[in-house]
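Open your viewer and keep the selection tool at hand. We will go from stop to stop, picking residues as we go.

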Amino acid sequence: MDITELTVHELQQKLKNKELTAVQIVKAYIDRINEKEPKVDAFITLQLEEALKKAEEIDSKIANGEDISSLAGIPIGIKDNICTKGVKTTCASKMLENFIAPYDATVMEKINAEEIIDLGKLNMDEFAMGSSTEYSYFKKTKNPWDLTRIPGGSSGGPAAAVAANLVPWALGTDTGGSIRQPAAVCGVVGLKPTYGLVSRYGVVAFASSLDQVGTFTKDVEDCAKLLNVIAGRDEKDTTSVDVGKKDYTQSLGKEIKGLKIGVPKEFYGEGINQEVKNAILNAMEEYKKLGAEVEEFSLDVAELSLATYYIIACAEASSNLGRYDGIRYGYRTKNYNNVRELMKNSRSEGFGEEVKRRIILGTYVLSSGYYDAYYKKAQQVRTLVNNKFNEAFKKYDVLLTPTSPTTAFKLGEKSTNPLEMYLSDICTVSVNIAGLPGISIPCGVDSKGLPIGMQLIGNKFSEETILKVAYAYEKQTKFRENYKPTFKEGV
Amino acid sequence: MQVSREEILHIADLADLNIEEEKIDKYLLNLQDILNFANIVNKQDVSNLEITIGSNEAKNVFRKDEVKVFENTESLLENAPKKEQNMFKIPKVIN
């Protein structure tokens with residue numbers, strides 16, 4: 001039995017039946033990481049010794065018959081923009097290369113309370129800005145399905161790590177598609193919850209009105225389980241919402257007969273790869289077989305949302321990243337004569353190209369003379385996008401779209417053309433603009449054997465519905481039984 | 001909208017960033033590209049629509065103004081690029 005192939009719910013079962021110990025599980029992952037990490041480069045910081053120690057502690061608690069969480073001893077990987085007390089939290093930036101988080105993010109407190117074991121911090125685009133993880137200051141993560149291709153971004157590390165079985169599941173963040181797009185191109189399940197369902201406290205801010213923590217898992221059941229752990233109102237994040245304690249696994253397996261699925265035709269028109277389109281058409285047929293009512297309709301928000309997104313996200317980023325001044329923490333230049341030079345040179349040397357580009361764009365759209373033409377307009381367009389989604393959800397329970405317009409592209413293919421890179425988010429950003437939940441699940445492979453993802457979008461706080469709909473498809477099509485990453489170079 | 005060289009240098013200065021001379025043209029080109037694309041928002045008539053700031057209802061969230069002690073101040077100072085005793089050290093601000 002390959003322990004690292006198992007889902008979390010399978011691991012839990014084996015822990016419960018005493019077929020496996022926490023130490024055996026962690027050791028299996030350490031072996032796997034030693035074997036595959038040199039090829040995939042998913043981690044920035046590894047915590048393997050500490051992880052093994054925690055596993056030993058948990059095993060002795062189990063041996064002593066102590067009352068522990070049903071998730072105790074399950075490993076996890078964490079995107080490196082989520083603060084982990086006493087452990088480097090770099091945001092994949094030179095700016096935070098030596099930053100050791102003085103406290104845990106709220107989601108980490110929740111993970112620790114369940115005694116889930118952190119194996120390490122995972123790679124990403126610097127400050128979560130990018131769609132390929134190529135903008136990481138430290139390394140380029142490779143896609144386990146073809147090592148010459150990108151793992152998506154910005155949560156490329158978490159997606160690749162789950163796909164390569166380096167961790168059984170992982171936490172990521174999603175501002176414009178940073179969980180769903182990498183999940184799609186790496187063939188795993190990625191959930192961005194409704195804005196406000198999960199606390200952002202202790203998550204390094206990029207665009208605060210759009211950022212949300214979410215999950216990477218091998219299957220939908222694990223997704224529901226991890227959401228159970230991280231969801232909930234937090235007084236330290238005033239945008240978090242109290243929707244009451246829910247068990248998201250409860251809806252799994254319920255019938256979807258008669259459920260209305262809308263497929264917005266603008267989401268799989270021009271610019272969407274034909275093989276991706278075909279996979280979506282097939283998924284529509286599968287849902288019809290499952291008894292859902294599937295219907296095409298018009299929802300013209302994709303392009304509009306992307307334009308709005310790059311104005312709003314960059315504006316918020318330019319403000320959020322103002323805190324990096326080289327004074328209290330982070331990179332400080334050696335080259336300065338006064339405070340102004342200290343700040344300016346620290347920022348100029350500490351940030352990468354893409355981050356600077358976005359700060360400049362954000363500063364531009366907020367500057368006097370352009371504020372009304374861009375920023376205010378974008379906020380009004382945001383209302384328009386909300387209204388259009390509200391209309392759609394009067395008619396449909398769930399919307400079905402591709403997650404990414406293409407399968408994984410080659411490393412280096414888009415990293416020199418920012419606008420082309422931005423277009424990778426065309427199917428996902430509208431979900432952030434409207435604050436909705438979205439899940440990406442695998443729905444087949446292209447002719448090269450690269451995974452294709454489909455996105456299910458729900459109305460606000462309707463995670464149970466999209467999980468149920470995703471689960472029904474997964475049970476029907478069994479992607480994980482049919483396809484596995486090859487770790488080949490060039491397909 | 002056309003962005004000029006002077007404008008981009010002014011914006012970079014506002015953002016506390018230096019742009020190397022040889023990279024100005026590249027930044028200009030990228031910025032122009034993105035702004036041209038973002039101009040889609042100006043093709044929509046949204047003049048009668050309110051603005052949306054966040055995605056949930058816009059209301060104030062109040063809490064009691066209570067002092068809470070953060071015990072581990074040393075861990076904060078450990079991240080300081082330069083410090084003296086228990087203070088952050090920076091160059092002289094007032095001449």
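Is B:Val93 buried or exposed? Select B:Val93 and look. B:Val93 counts as exposed because its relative accessibility is 58%, and the cut-off for exposed is over 50%. Bear in mind that this is a predicted model.

**Stop 1: a patch on chain B**

Stay with B:Val93. This residue lies in the segment after strand 2 (87–88) of chain B. Together with B:Val93, they make a nonpolar surface patch of about 310 Å².

**Stop 2: the largest nonpolar core**

Switch to chain A. Which residues touch the most other members of the largest nonpolar core? Select A:Phe127, A:Tyr287 and A:Ile439: these are the ones, in a core of 186 residues. Next, colour helix 9 (residues 302–320) of chain A. Helix 9 gives the most to this core, with 12 residues.

Zoom in on A:Phe127. Leaving out residues up to four places away in sequence, A:Phe127 touches A:Cys91, A:Ser93, A:Met95, A:Leu96, A:Val204, A:Phe206, A:Leu321, A:Tyr324, A:Phe351 and A:Val355.

**Stop 3: A:Ser199 in a loop**

Go to the loop between strand 5 (189–192) and strand 6 (212–217) of chain A, where A:Ser199 lies. Buried or exposed, this serine? A:Ser199 is buried, because its relative accessible area is 1% and the limit is under 20%.

Draw two distances here. One runs from the side chain of A:Ser199 to the side chain of A:Asp234, a polar contact of 2.6 Å. Then show the contacts beyond four places in sequence: A:Thr106, A:Val107, A:Val213, A:Gly232, A:Asp234 and A:Asp237 touch A:Ser199.

**Stop 4: A:Asp174 in a strand**

Select strand 4 (residues 169–174) of chain A and pick A:Asp174 in it. A:Asp174 is buried, with a relative accessible area of 0%. What does its side chain reach at 2.8 Å? The backbone nitrogen of A:Gly177. The side chain of A:Asp174 also makes a polar contact with the side chain of A:Asn432, at 3.1 Å. Among the residues that A:Asp174 touches, not counting those up to four places away in sequence, are A:Arg180, A:Lys192, A:Asp211 and A:Gln212.

**Stop 5: A:Ile25 in helix 2**

Move to helix 2 (residues 22–40) of chain A and select A:Ile25. A:Ile25 counts as buried because its relative accessibility is 0%, against a limit of under 20%. Now pick A:Gly73. A:Gly73 is 48 residues from A:Ile25 in sequence, with 7.9 Å between their C-alpha atoms.

**Stop 6: A:Phe393 in helix 12**

Finish at helix 12 (residues 371–395) of chain A, which holds A:Phe393. A:Phe393 is buried, with a relative accessible area of 11%. Show what A:Phe393 touches beyond four places in sequence: A:Val398, A:Leu399, A:Leu436, A:Ile457, A:Gly458 and A:Asn459. How far apart in space are A:Phe393 and A:Ala231? Draw the line from C-alpha to C-alpha: 23 Å, for residues 162 apart in sequence.

Notes
Residues are numbered from 1 along each chain as its sequence is written. Chains are lettered from A and ligands numbered from 1 in the order in which they are written. This is a predicted model: local features need pLDDT of at least 70, side-chain atom pairs count only at pLDDT 80 or more; totals for chains, interfaces and linings use all residues. Side-chain values use heavy atoms; hydrogens and water are left out. A nonpolar core is a set of buried Ala, Val, Leu, Ile, Met, Phe, Trp, Tyr and Cys residues joined through side-chain atoms within 4.5 Å. Buried means under 20% relative accessible area, exposed over 50%, partly exposed in between (1.4 Å probe, protein chains only). Helices (H or I, at least four residues) and strands (E, at least two) are DSSP runs, numbered from the N terminus. Contact means heavy atoms within 4.5 Å. Patches are made of residues with over 30% relative accessible area and no salt bridge: like charges are joined within 9 Å, nonpolar side chains (Val, Leu, Ile, Met, Phe, Trp, Tyr) within 5 Å. Accessible areas come from the Shrake-Rupley method with a 1.4 Å probe; for residues, only the protein chains shown count as cover. A salt bridge is a side-chain nitrogen of Lys or Arg within 4 Å of a carboxyl oxygen of Asp or Glu. A polar contact is a pair of N or O atoms within 3.5 Å; within protein, one must be able to donate a hydrogen and the other to accept it, and residues adjacent in sequence count only if both atoms are side-chain atoms.
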